[in-house]
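Subject: Structure for your review

Dear colleague,

Please find below the structure that I am handing over to you. My findings follow it, and I would be grateful if you could read them with the model open.

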Amino acid sequence: MSADLQTMANAIRALSMDAVQAANSGHPGMPMGMADVATVLYTKYLKYDASAPKWPDRDRFVLSAGHGSMLAYSTLYLTGYASPTIENIRNFRQLHSPCAGHPENIELEGVESTTGPLGQGLAMAVGMALAERHLNAVFGDELVDHRTWVIAGDGCLMEGINHEAIGLAGHLGLGRLIVLWDDNRITIDGSTDLSTSEDIMARYAATGWHVESCDGHDFDDISRAIEAALKDNRPSLIACKTLIGKGAPNKQGTSATHGSPLGAEEIAAARAELGWNYPPFEIPADIQYAWRAAGKRGVSTREDWEKRLSTNYNAKEFMRRMNGELPQNCALQDYLASLIANPAKVATRKASEMVLEALTAAIPELVGGSADLTGSNNTKTRSTGPLTRDNYAGRYIYYGIREFGMAAAMNGMALHGGIIPYGGTFLVFSDYCRNAIRLSAIQQLRVVYVMTHDSIGLGEDGPTHQPVEHLLSLRAMPNLAVLRPCDAVETAECWDLALKNSNGPTLLALSRQNLPQLRDNASVNLSARGGYRLRSAVAARKVVLIATGSEVELAMQVADALEAAGQGADVISMPSWEYFGAQDAAYRADILPENALKVSIEAGVTLGWQRYTGLDGLNIGIDSFGASAPAEALYDHFGFSVDTIFEKIQAKLKA
């Protein structure tokens, strides 16, 4: 290379400070501080080919400190990825520019994950490293042999999810994971001394990690620390001692460089300090050449891998999984036929386990787990043996009491490819997972959340464990499909929808209590409609009952009472608002006709149901927290009884 490493690193600094200045918004400090570390990584250690960003056996790089997104955009541009272009970088943080304020996986192929919520990038990287080890155990070194690298900041290591993520990584011995910590001792408020005094290195060592430190501005010392990490079979944390905003002579080392443009005067001073005598967004040919050569380092490695793939007897199966294609025979139809022949009165959490027995036997990329609630979530099957540090080929992960870490790890596995992750906890604990669920939706990931104990029906554990506002709040999240099935048939149909939903996550809300099988036909996936007429009125229709999950059985009983009174009642099972909303207007109008009283019945808050019942409809729900008692007593106490609902309907009809 004709340009030295220092000049190459300064190209990152120049692009970063110029882009933030042009946008008048952004975070120049981290990219300027970590430019030297990134230069060593991209020119010497990272296995990648800029011309093939989706090469399956590439190393994964996660910028967990996503606010420093210009570090990612600079390295992608400099190494020769097709996108971003220099024009994209000029338009950093502008509408429709792929160079968003924080890196987004759906905008740029070279961005492995959307980051920004601190700590989640590192936690997703744990999932990526886990996916690599699992697929390596299945397909061997010939096809799967790569590492996962992370650049993380102080905030990533302070967030609570960091405790969950590194504990899991250490326990599973994920030695292919290397975290480069931007140890600059600065946060937005100022010095880290203001808020923390913990020994981070000791904390990581205590969880089973290898720890190193280096001078983050000494290229040889950076390489020494990375070499030590490569030789160790534990996950590694390298504390890179850096100066935030390195190169800005009057602001470096202070929080002034963290989240604001440097300003024209300081940028001029930085240019002089760095010896960077070029206009904004201009990269001299020799420096560009050196970076592009780095971007081509992996070409021959990729070509060798492709040759091995072409002769590997597992090639077709490997690429099927990596491409996210389901097997042709998922065994679902045979299972549904058995349900129709032998109806099952079971809790929908048990119904989920039953269908998973069939699905996990037929779909080997299904990898499950639970946050210490395996026996309650019913997420383990005979096909999913434990995944451990001694057996990465296993397909069931014991996450421990780490709901947030579990959700983020599942995002990482889905991002890596080759795995369809699902994991369980109680619905009320979706609050612990929530920001990771949101990132599942933003990143358009096929992740399945198995959330059981979905209402007051869980009984005696009381209001701390009884979700009431959760269904509505989760339905409010864009691109998250919330499915609440009423019986074993709908549960199987909802799993079918979840597996076919390759552009977003699915959350299954499942009952603790047993429910009768209400469906006697499964030739068509009616749950795919979101809402459908489970029962038609016999007498002249006066009422349309709309219910979900465990309350569909109650709606059927209320319909019996109404029919006995000469009032015709349809029963609509509505497992999914999202799927129902996607139906055409004519279908929705047929299911919810104008000339009938519409009544929603769901053991949760009533907010939101007015969109289906109208303001003149009737909403049966719980607009308070629950209570501790047996389920039957709770349903009666909160008005979920045939007599109570019947009387309310009569009063509404008279009014």
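A residue is called buried here when its relative accessible area is under 20%. By that cut-off Cys494, at 1% relative accessibility, counts as buried. Please note that the model is a predicted one.

Overall form

The protein chain contains 27 helices and 20 strands. Its C-alpha atoms occupy a box of roughly 90 × 55 × 45 Å along the principal axes. The radius of gyration is 28 Å, which agrees with the value near 26 Å that a compact globule of 655 residues would have. Of these 655 residues, 62% count as buried. Among contacts with a separation of 6 or more, 78% join residues 24 or more positions apart.

The protein chain exposes about 23800 Å², and carbon and sulfur atoms supply 49% of that area.

Cysteines

How many disulfides does the structure hold? It holds zero. A disulfide is a covalent bond between the sulfur atoms of two cysteines, and the cut-off applied to such a pair is 2.5 Å. For Cys494, the closest cysteine sulfur is that of Cys486, and the separation of 8.8 Å is too far for a bond. For Cys214, the closest cysteine sulfur belongs to Cys240, and the 3.9 Å between them is likewise too far for a bond. Cys214 counts as buried because its relative accessibility is 3%.

Helix H14 and its surroundings

Helix H14 spans residues 315-322, and its buried residues are Ala315, Phe318, Arg320, Arg321 and Met322. The cover over these buried residues includes strand S1 (60-63) together with helices H6 (120-139), H13 (299-311) and H18 (403-416). After H14 comes Gly324, which has a positive phi near 75°.

Ser69 lies in helix H4, which covers residues 69-79. With 0% relative accessibility, Ser69 counts as buried. Beyond its neighbours within four places in sequence, Ser69 is in contact with Leu63, Phe92, Ala100, Gly101, His102 and Pro103.

Leu445 sits in the loop that runs between helix H19 (430-442) and strand S12 (448-452). Although placed in a loop, Leu445 is buried, its relative accessible area being 5%. Residues up to four places away in sequence aside, Leu445 touches Asn411, Ala414, Leu415, Ser440, Asn503, Gly504 and Pro505.

Is Asp232 buried or exposed? Its relative accessibility is 18%, so Asp232 counts as buried. Leaving aside neighbours within four places in sequence, the contacts of Asp232 are with Gly175 and His210.

Yours sincerely

Note on methods: Residues are numbered from 1 along each chain as its sequence is written. This is a predicted model: local features need pLDDT of at least 70, side-chain atom pairs count only at pLDDT 80 or more; totals for chains, interfaces and linings use all residues. Side-chain values use heavy atoms; hydrogens and water are left out. Helices (H or I, at least four residues) and strands (E, at least two) are DSSP runs, numbered from the N terminus. The radius of gyration is taken over C-alpha atoms; the globule rule is 2.2 Å times the number of residues to the power 0.38. Buried means under 20% relative accessible area, exposed over 50%, partly exposed in between (1.4 Å probe, protein chains only). Contact means heavy atoms within 4.5 Å. Accessible areas come from the Shrake-Rupley method with a 1.4 Å probe; for residues, only the protein chains shown count as cover.
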